[in-house]
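Q: Please take a close look at one part of this model and describe it in a connected way, with the criteria behind each term.

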Amino acid sequence: MSAVHRTVLPVRWSDQDLNRHVNNARVVTLIEEARLSAVAAWLGEEGVPDPARPRVVVSLSLDYLRPIDHGPELTAHVWVARLGRSSYTVAYELRQYGRAAARARTVLVQTDPTTGRSVPLPEGVRSVLEGLVVPDPEPEERAGAAPEPSPGSAPAREPEPAPDHVTARA
């Protein structure tokens, strides 16, 4: 099993907005679809959503790097970036035209269905996720986050693709 899960995401005609690219809210849905695919691949039956042992998204951050178009293949690269006692962080990179179009992170927390409070991850889930953690690249290795231009400076260059150690794993 690979630490970085890859899946092709369908971009539906209805995902577009008036600007003829995927609407920002629909990108969140694509990220959810990528996470469900990855968690099912990593955890099998333990990854299937179950109200008796809910894992809920408590945080979502999303950077839109360039428009996502209808038509060309959109590939999600998904990995576990951090593992805690009752939570884990999933990182995503959506790629189209061979370049990063969006990067995101979600924090999922294991909860008690009665109280809604966090509880430790089940040992089986924890042991699988421990073997999947991919450390974040160092800031100087990060791609896609162009520096803010200073007043009067030339426009920033296009972001570079993500480092190979994140996207080249199969």
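A: **Around L94**

Leaving aside its neighbours within four places in sequence, L94 is in contact (heavy atoms within 4.5 Å) with L9, V27, I31, I68, L74, T75, A76, R99, A100, A101 and A102. This is a predicted model, in which local features need pLDDT of at least 70 and side-chain atom pairs count only at pLDDT 80 or more, while totals for chains, interfaces and linings use all residues. Residues are numbered from 1 along each chain as its sequence is written, and side-chain values use heavy atoms, with hydrogens and water left out.

L94 is among the residues with the most contacts inside the largest nonpolar core, which has 35 residues, and V27, W42, I68, V78 and L129 are also among them. Such a core is a set of buried Ala, Val, Leu, Ile, Met, Phe, Trp, Tyr and Cys residues joined through side-chain atoms within 4.5 Å; buried means under 20% relative accessible area, exposed over 50% and partly exposed in between, with a 1.4 Å probe and protein chains only. Two or more residues come from each of helix 1 (24-43), strand 3 (74-83), strand 4 (87-96), strand 5 (99-110) and helix 2 (123-130), and helix 1 gives the most, with eight residues. Helices (H or I, at least four residues) and strands (E, at least two) are DSSP runs, numbered from the N terminus.

The strands form an open sheet of five in the order 1-3-4-5-2, with antiparallel pairing, where two strands pair if DSSP finds at least two bridges between them. Its edge strands are strand 1 and strand 2 (55-64), each of which pairs on one side only. Strand 1 and strand 3 are joined antiparallel over five bridges, and L74 in strand 3 is the bridge partner of L9. L9 belongs to the covered face of strand 1 (residues 5-9), together with H5 and T7, whereas R6 and V8 make up the uncovered one.

R95 is found in strand 4 and counts as buried because its relative accessibility is 12%. A polar atom of the R95 side chain lies 2.5 Å from the backbone oxygen of G98. In the loop between strand 4 and strand 5 lies Y97, which has a positive phi of about 60° although it is not a glycine; at 53% relative accessibility, Y97 counts as exposed.

Terms used: A polar contact is a pair of N or O atoms within 3.5 Å; within protein, one must be able to donate a hydrogen and the other to accept it, and residues adjacent in sequence count only if both atoms are side-chain atoms.
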